[in-house]
Structure formats: C-alpha cells, structure tokens
Protein chains: 2
Amino acid sequence: MDRNMPTRQLNDLTATEIVEAVTTGKATCETIVRACLERIALREPEVQAWHYLNPEQVIDYARALDKSGKRGPLIGVPFGIKDIIDSCDMPTSYGSPIYAGHQPKSDAACVALSRKAGGILMGKTVTTEFANQYPGKTRNPFDPTRTPGGSSSGSAAAVGDCMVPLAIGTQTTGSTIRPASFCGAFAYRPTWGDLRCVGVKEAAGSLDTLGLIARSVEDLALYRDVLFGTEPQPIPAESGAPRIGFCRTHLWRVLEPYTQRLLEDAAGRLAKAGAKVTEVTLPSDFEGIEDAHRSISSFEFARNFTWEIENHWEGISQRLRNGRIKDGLACSVEQYLQARSFAEKCRAVFADSFRDCDVLLTAAATGEAPIGLSSTGNVAPSAIWTVVHAPSVTIPVFKGPNGLPVGAQLVAKRNDDRRLFEAARWVYRRLVS
Amino acid sequence: MDRNMPTRQLNDLTATEIVEAVTTGKATCETIVRACLERIALREPEVQAWHYLNPEQVIDYARALDKSGKRGPLIGVPFGIKDIIDSCDMPTSYGSPIYAGHQPKSDAACVALSRKAGGILMGKTVTTEFANQYPGKTRNPFDPTRTPGGSSSGSAAAVGDCMVPLAIGTQTTGSTIRPASFCGAFAYRPTWGDLRCVGVKEAAGSLDTLGLIARSVEDLALYRDVLFGTEPQPIPAESGAPRIGFCRTHLWRVLEPYTQRLLEDAAGRLAKAGAKVTEVTLPSDFEGIEDAHRSISSFEFARNFTWEIENHWEGISQRLRNGRIKDGLACSVEQYLQARSFAEKCRAVFADSFRDCDVLLTAAATGEAPIGLSSTGNVAPSAIWTVVHAPSVTIPVFKGPNGLPVGAQLVAKRNDDRRLFEAARWVYRRLVS
C-alpha cells in the first residue's frame with residue numbers, strides 16, 4: 001500500500017492544523033476537501049471505508065463555506081460519521097438492508113454541532129449491521145486481507161488512512177477503541193453520558209457512547225469541546241509526568257504474547273521517563289463484568305430493535321438473529337436488572353483504583369488486526385471500561401510482529417476526561433519519538 | 001361536560017378488562033376501537049387531545065387484528081402516544097411546525113413493543129413544543145378553561161377522558177405526573193433507564209423517561225411488563241400495609257393550602273387504615289436539586305436541538321428560545337458537569353430515605369389544574385424525584401375546591417417499581433372507597 005506519499009500533504013494534516021491553515025488564509029475549505037477526496041479516490045477501491053460519499057456535494061458545501069467567510073473551531077475540517085448517525089442531506093442505513101436509502105429529516109446532534117463549528121461532513125463511513133457484529137465491506141488500510149475492526153470500521157479506516165482527519169464512531173463494547181487500534185489511529189471514548197447521542201441509532205443505551213477518532217490527542221480534545229458546544233480549551237501546556245497504573249486485568253491471558261510484552265516494555269519505559277508507575281489490580285468482582293455486559297447489551301438491543309424484528313426479520317443477518325437478538329430475548333428482566341445493579345456497584349468502586357494513579361495503562365486490543373474480514377476481532381479488552389462508564393483513549397504507539405499498528409489504551413475515572421488527554425499526550429510523546 | 005354516560009361502556013374499560021374481554025371473545029378489537037372512536041368524536045371538539053387521528057386507519061388495523069386471531073398481553077387495547085414518539089404509519093411532528101407532516105421510517109421501541117403485544121395505536125396525542133413548555137391545543141377534560149398540564153398534555157387528557165385506556169408520555173421534570181394529576185388519571189414514571197426511549201425525541205437524556213398513563217394501577221404494571229418485552233406478572237395478591245414516609249419536601253410552601261390539607265388528611269387516614277406512617281425529611285442538600293435540574297436539562301436540550309436551532313430558528317417559539325435554549329447555551333460545561341455530579345450524589349444517598357418506609361407520599365401537583373391554557377402548570381413537585389431517577393406513581397384520590405382532580409404521588413427507591421405498584425394499589429383502595 002502507498003503510505004509513502006510526500007508528508008504534510010493537506011489530507012495528512014490534523015484538524016488543529018487545518019483550522020490554523022484555513023483561519024490564517026493558508027488554505028481554503030475547498031482545497032482541504034479536494035485533498036481528502038483525492039486520497040479517497042486513490043485508496044477507496046482497496047479500503048472501502050465509505051458507505052456514502054458524494055464528492056460534488058462535498059465540494060459545493062466547502063465552496064459555500066469559503067464564500068461565507070465563516071470561522072469556527074472546526075472550520076474547514078472534513079469529518080466522517082459512522083452510518084448509524086443521521087444527517088439531513090445524506091442517506092443513513094445503519095448498516096442494514098432494511099434501511100437502504102433511508103433519508104433522515106435532521107442531523108444528529110453531533111453532526112449539527114460539528115457543522116456549527118465549521119466542520120465539513122464528508123460522508124457516511126461503513127458500520128457493521130446496526131453497530132453489532134455482522135461486518136461491512138471495509139478492509140484494514142494497512143493490510144486489505146485483515147479486518148479494520150468494528151463496529152466503527154469505516155470511521156477508523158478512513159482516519160487511519162488519512163482520508164479525513166476526524167471521524168465519529170460509537171462504542172457499546174469496544175467498537176471505537178479496537179478499530180482505532182487496528183487502523184493506527186487515536187481514539188477517545190468519553191465518560192458515558194457526556195456527549196449527546198440524539199440522532200444516533202441506539203444499540204444499548206446504558207452502555208452506548210459516541211467515539212471520536214483522530215490523528216492526535218490534541219484533535220480528540222478539540223473535538224470533545226466542539227461536541228460539548230463550547231469554546232475549545234487546548235490541553236494545558238505540558239505539566240509533570242502522570243501517575244500510571246499498569247493494569248493487566250483478568251483478561252491478560254487473552255492478549256497475544258507480543259502485546260503483553262509491548263505493554264510491559266512500555267510501562268518500563270514510562271517509568272524511566274519519569275512517570276510513577278504502579279501495578280493496579282481490579283477488584284475480583286470485576287471478572288463478572290463481561291457477563292453483565294452481555295445481559296445489559298443483549299436485553300436492551302433486543303427491545304430497541306423490536307420494530308425491525310417484528311417487521312423485517314428477513315432483513316436481519318443470521319449472525320445477529322442467533323447472537324445478540326436471541327441472547328436478548330432469552331434474558332429475563334430480573335437478570336437484566338441484576339446485571340445493571342452489578343454494573344452500578346462496579347462503577348461506584350472503580351474510582352478506588354485511582355488512589356495512586358491518574359490513569360490506567362492497559363491493552364486497546366488483543367494484538368494486530370487479525371487476518372480475515374468475517375470477524376471484527378476480539379472485543380474483550382474494552383468491555384470493563386465500557387461497563388464502568390470510564391473515559392479512555394487509545395494511542396498508536398506499538399507495532400506488532402507484522403509491522404501493523406497496536407494501540408495502548410489509557411483509562412481514567414469518570415469525569416476525568418481532560419486529565420486523561422494530558423496523560424495520553426505525555427505518554428504518546430515518551431513512547432513515540 | 002358529559003361525565004355521566006352509562007358506566008362500563010367499552011371505552012370506559014381498563015386495559016386489563018379489554019384484554020380479558022377480547023381474549024374470551026366477549027368483545028372484538030373492532031368494537032373496542034369503535035367505542036373509543038365514538039367517545040373521541042363526542043369529546044374531541046372540546047378536549048383536543050389528538051394531534052393525529054385517522055379513524056379509518058385504526059378500524060382497518062383492528063379488523064386485521066381480529067381476523068388474524070392474534071393474542072397477547074395487550075390484545076385489543078387502544079393506546080395513544082405523545083407526538084414526540086415515532087410511528088411508522090402516522091406522522092410525528094414533535095409539537096413543532098419544523099416537523100409538520102414528518103413521517104418517520106420506523107416505530108419507536110415502545111410502540112413496536114405495544115403492537116407486538118396486541119395493542120392498537122390509536123393516534124398521536126398533543127405535546128407541547130418538543131416536550132418543553134410552549135403549549136399545544138389540548139384543554140383539560142374536566143374544565144376546558146383549564147390546562148391539561150404538560151408536556152404530555154394529550155396523553156393525560158385522552159386517558160382521563162376515557163378516549164383510550166392507555167397512553168405513553170414522557171417526563172423530563174414532571175411532564176407525566178402533573179398532567180395525569182390534572183386530568184384525573186393514574187400515571188407512572190419508571191426508574192430512569194428501565195424502559196427504552198429509542199424513537200422518542202430526546203429532551204435531556206440524563207433525565208428523560210417514558211411515562212405511562214392509565215386508569216388503574218394494575219394497568220400501569222401491565223404496561224410496564226409489555227414495554228419490558230416480558231410476560232406480564234400481575235401485582236401480587238394484596239399483602240400487608242406498606243410503610244409510608246410522608247414527605248413534605250422543601251417545596252411544601254409551593255403547594256396550595258388545600259393540597260397540603262388533603263395530603264396531611266390522607267396520611268392520617270392511611271395510618272388509621274393500618275399503614276405505618278412516618279415523616280421523612282430529605283437531606284438539606286436536596287434544596288439544590290432544582291438548580292441542578294435546570295443546568296442539566298437546559299445544557300442537554302440546547303445541544304440536542306442544535307440542528308433545529310441552526311437551521312430553523314424561526315420555527316422555534318419565543319418561549320423556547322428565551323427559556324430552555326437561552327439557559328442551555330449560557331450554561332458552561334463545568335456547571336453542567338458539576339450539576340450532574342451533584343445529582344449523582346443525591347441519587348446515592350436517596351435510598352437512605354427509605355430506611356423506615358417502602359414509599360414516600362408526596363404531592364403530584366400544586367393543586368387543581370390552573371385556569372388558562374398558556375401555561376401547563378408548576379413543575380416543582382416532581383423535579384426532585386426525576387433528578388434522583390426514582391420511580392413514582394400518581395393516583396387520582398383527591399378533589400380540589402372546584403371539584404377537580406388532584407393526585408397523590410408515591411415515590412419508591414430506584415429499581416423498586418413493583419413494590420411501588422403494590423403500595424399504590426393499597427393506598428388507592430384505602431383512600432377511594
């Protein structure tokens with residue numbers, strides 16, 4: 001694949017750099033968009049990150065933006081959105097034939113906020129069916145025989161492949177962090193409840209969040225502020241080293257041995273670079289989190305999709321019918337409410353894990369993207385953090401045995417998202433130099 | 001008004017009674033629906049509960065249901081839905097000219113679950129603009145010069161007036177409990193997070209729930225199970241008297257003096273009937289809940305409606321622009337997150353209020369529905385319970401000085417919804433005899 005294009009082409013710029021370039025008149029929205037479209041034209045036949053993309057529509061939008069003289073914290077920044085997110089001027093089909101060609105009336109809140117800030121909606125990125133497991137067409141931009149991960153497959157591939165600097169996905173288990181790890185991108189899952197999901201097809205609302213995918217920690221922080229509808233506050237100038245809790249979790253054995261080594265090595269390097277690194281062991285109760293996750297996500301999913309199940313059963317994949325839906329319909333209300341209570345208890349004690357550290361260092365995925373397109377990879381490494389509603393970031397700091405990207409995940413306690421960004425930037429700078 | 005029609009007409013039946021009648025062949029879906037349509041034809045010119053109603057469509061649906069021989073826990077039961085809830089075969093306009101004639105692609109989860117159980121969607125009931133404060137056309141069925149309350153105005157009026165036995169509303173402050181109190185209906189706000197809101201236009205997701213409106217406690221329990229997608233479990237045969245915590249709250253002074261007397265009198269009567277009644281005082285911190293509610297609801301609302309604000313400003317009422325939206329845009333992220341943390345702390349300690357009681361007895365509204373249609377009444381009495389995510393029920397047990405209904409609200413701790421129903425039934429039987 002062609003990763004050797006001259007550096008600093010316009011499509012390689014981060015969102016922060018684009019805003020700077022457009023605001024100071026060094027680039028126009030149109031030139032930025034054309035650079036991204038060129039990259040897409042070159043790479044899309046192989047990567048297939050886009051479910052819907054209309055170059056003329058996007059160029060017209062960018063021209064109108066240039067003409068308007070509009071400014072804003074995301075001015076000129078092309079962004080992609082997972083095709084479970086509504087937009088008023090592009091069809092949204094939720095990764096399902098049931099909704100082929102469906103045109104929503106309005107923009108999702110996250111789309112409207114991005115546009116209000118000057119962002120340019122590039123198109124809809126490929127999602128698995130209803131953000132569940134049945135994969136879309138997208139391939140890993142680093143190796144087309146491998147999965148890009150999912151369910152935010154196209155969002156991660158498009159950003160990792162420099163087609164757009166920003167994309168929005170969602171996460172109900174590991175659907176943002178894992179594909180970003182596989183595609184060499186940065187990604188952020190916010191504290192649950194922070195960023196509005198209006199206009200996003202719900203999978204399991206007790207767990208769902210947006211997921212932001214970018215090519216720098218700074219861009220993740222910028223995009224969070226944009227989606228809060230607030231004036232961006234840059235991450236503070238570098239302060240001291242963060243206190244890092246190295247957290248293997250009970251799923252350590254699920255990781256590839258090289259991923260274990262990469263993480264252990266990173267913990268050592270960060271300690272040498274000045275971070276206080278301690279080992280953090282989660283309460284043993286947390287081993288029940290995956291079961292609780294399954295009950296909550298399946299129960300809610302099976303209710304949320306009642307209309308589709310009752311009216312379009314034949315339009316639902318076998319995998320979804322026999323997986324999430326079957327599990328969800330078999331889960332009793334009592335099991336569901338017990339799982340939710342259990343999750344809430346885990347949430348309440350999770351803050352204790354941060355007594356001696358600011359962030360946890362843990363795996364973003366089991367390893368490199370696996371070969372094959374029929375599965376989007378093992379979701380295990382993110383389920384814990386998803387269930388406890390904690391914010392997390394993955395940063396592309398490792399290479400696996402095949403030279404493919406592997407992320408490191410940093411996790412903070414709820415509502416500590418800004419400190420998480422500070423720590424992630426510090427860690428990234430120490431590990432990639 | 002005509003409240004003196006012969007009793008036990010078909011449109012007077014509760015949902016439980018209709019299911020029994022249809023299941024045993026004593027009535028058909030069509031006859032039930034026709035009875036409700038006749039009531040609507042008689043009363044709608046005065047009450048104006050319906051935003052969309054197509055009698056032929058409903059009769060066709062009922063006939064097809066009869067022909068199919070379908071059975072289910074809601075078979076033959078006509079239900080109304082607040083016009084912020086999507087349905088695939090009726091337009092949904094969210095109480096706003098911006099969405100006039102808008103036709104969603106699919107049914108909201110609650111609609112699909114109701115239909116799956118055999119329920120018959122009657123039509124869309126009037127809502128205030130986006131479930132906020134700007135009122136719709138509906139009048140109080142007991143006195144057309146008075147408000148039905150809001151924002152679930154049409155849902156409460158339609159059930160209170162025996163047009164349908166069940167309706168779904170929503171609640172972000174007191175939008176189900178208050179109108180039900182004003183319209184002489186039973187209503188239930190579930191533990192936050194229990195019943196799926198997919199396909200319901202979000203106002204402020206951290207607070208929003210569905211709200212169920214009915215004409216008996218048994219129907220509320222039945223409808224909850226239907227919306228959980230589970231086999232209904234009737235409320236257990238009557239057990240002992242509940243332990244009742246009489247809770248004036250710091251808003252006691254806001255209530256009409258006659259409402260204060262009615263509640264105090266009821267507490268005394270319940271004690272005489274065998275309930276252990278104690279006084280419960282909420283922690284003094286809870287006086288901050290209304291401010292927290294305002295920050296959370298306004299901040300989220302103003303983000304959720306970014307598309308409408310940016311693209312259809314002229315279609316938004318002055319009241320909404322200068323109220324919720326202005327407040328929300330002025331609320332900083334820090335204020336918002338602080339308010340959410342405060343709410344979470346209140347939630348954590350709220351269970352302590354139930355050390356010596358099973359349910360709290362408190363006001364459902366300040367008094368009778370006020371005269372005038374320009375306001376939907378004082379939201380204060382429900383904000384506390386909404387913010388702490390507690391389940392509550394209002395039961396129509398009082399009459400005010402003008403002979404108009406006033407409800408009593410019972411509140412349980414989170415996840416104690418079934419015990420709440422038991423207590424509500426016990427209390428209702430003791431107070432109305």
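# A tour of a predicted two-chain model

Begin by selecting chain A and colouring its strands: 11 of them form an open sheet in the order S1-S3-S2-S4-S6-S5-S10-S11-S9-S7-S8, with mixed pairing. Helices (H or I, at least four residues) and strands (E, at least two) are DSSP runs numbered from the N terminus, and two strands pair if DSSP finds at least two bridges between them. Strand S1 (50–53) and strand S8 (276–279) of chain A stand at the edges with a single partner strand each, so one side of each has no neighbour in the sheet. On average, neighbouring strands of this sheet are turned by 30° against each other, direction ignored.

Before going on, note that this is a predicted model, in which local features need pLDDT of at least 70 and side-chain atom pairs count only at pLDDT 80 or more, while totals for chains, interfaces and linings use all residues. Residues are numbered from 1 along each chain as its sequence is written, and chains are lettered from A and ligands numbered from 1 in the order in which they are written.

**Stop 1: inside the sheet of chain A**

Select residues 186–189 and 392–399 of chain A, which are strands S5 and S10; they run antiparallel and are joined by 3 bridges. Here Tyr188(A) stands opposite Val393(A) in S10(A).

**Stop 2: a buried threonine in chain B**

Move to chain B and select Thr127(B), which is found in the loop between strand S3 (120–125) and helix H5 (153–160). Is this residue buried or exposed? Thr127(B) is buried, with 32 other C-beta atoms within 10 Å; a residue counts as buried if 20 or more other C-beta atoms lie within 10 Å of its own, as exposed if 12 or fewer, and as partly exposed in between. Among the residues that Thr127(B) touches, not counting those up to four places away in sequence, are Lys82(B), Asp83(B) and Ser151(B).

Next, select S3(B) itself, where 6 of the 6 residues are buried, so the strand is largely enclosed by the rest of the structure. Strand S1 (residues 50–53) of chain B runs antiparallel to S3(B) and is joined to it by 3 bridges, and Tyr52(B) has Lys124(B) as its bridge partner. Strand S2 (residues 78–82) of chain B, by contrast, runs parallel to S3(B), with 5 bridges between them, and Lys82(B) stands opposite Thr125(B).

**Stop 3: the two chains together**

Finally, show both chains. Chain A can be laid on chain B with an RMSD of 0.0 Å by a turn of 180° and a shift of 0.0 Å along the axis, the copies being superposed by least squares on the C-alpha atoms of residues with pLDDT of at least 70 in both. The two copies are thus related as by a two-fold rotation axis. Which residue of chain A comes closest to the rotation axis? That residue is Pro104(A), with its C-alpha at 4.1 Å.

Where the chains meet, 29 residues of chain A are in contact with 29 residues of chain B, and the largest share of the chain A side, 4 residues, comes from H4(A).

Terms used. Axes fitted to C-alpha atoms, helices over the stretch in contact; angles between N-to-C directions. Contact = placed C-beta atoms within 7 Å.
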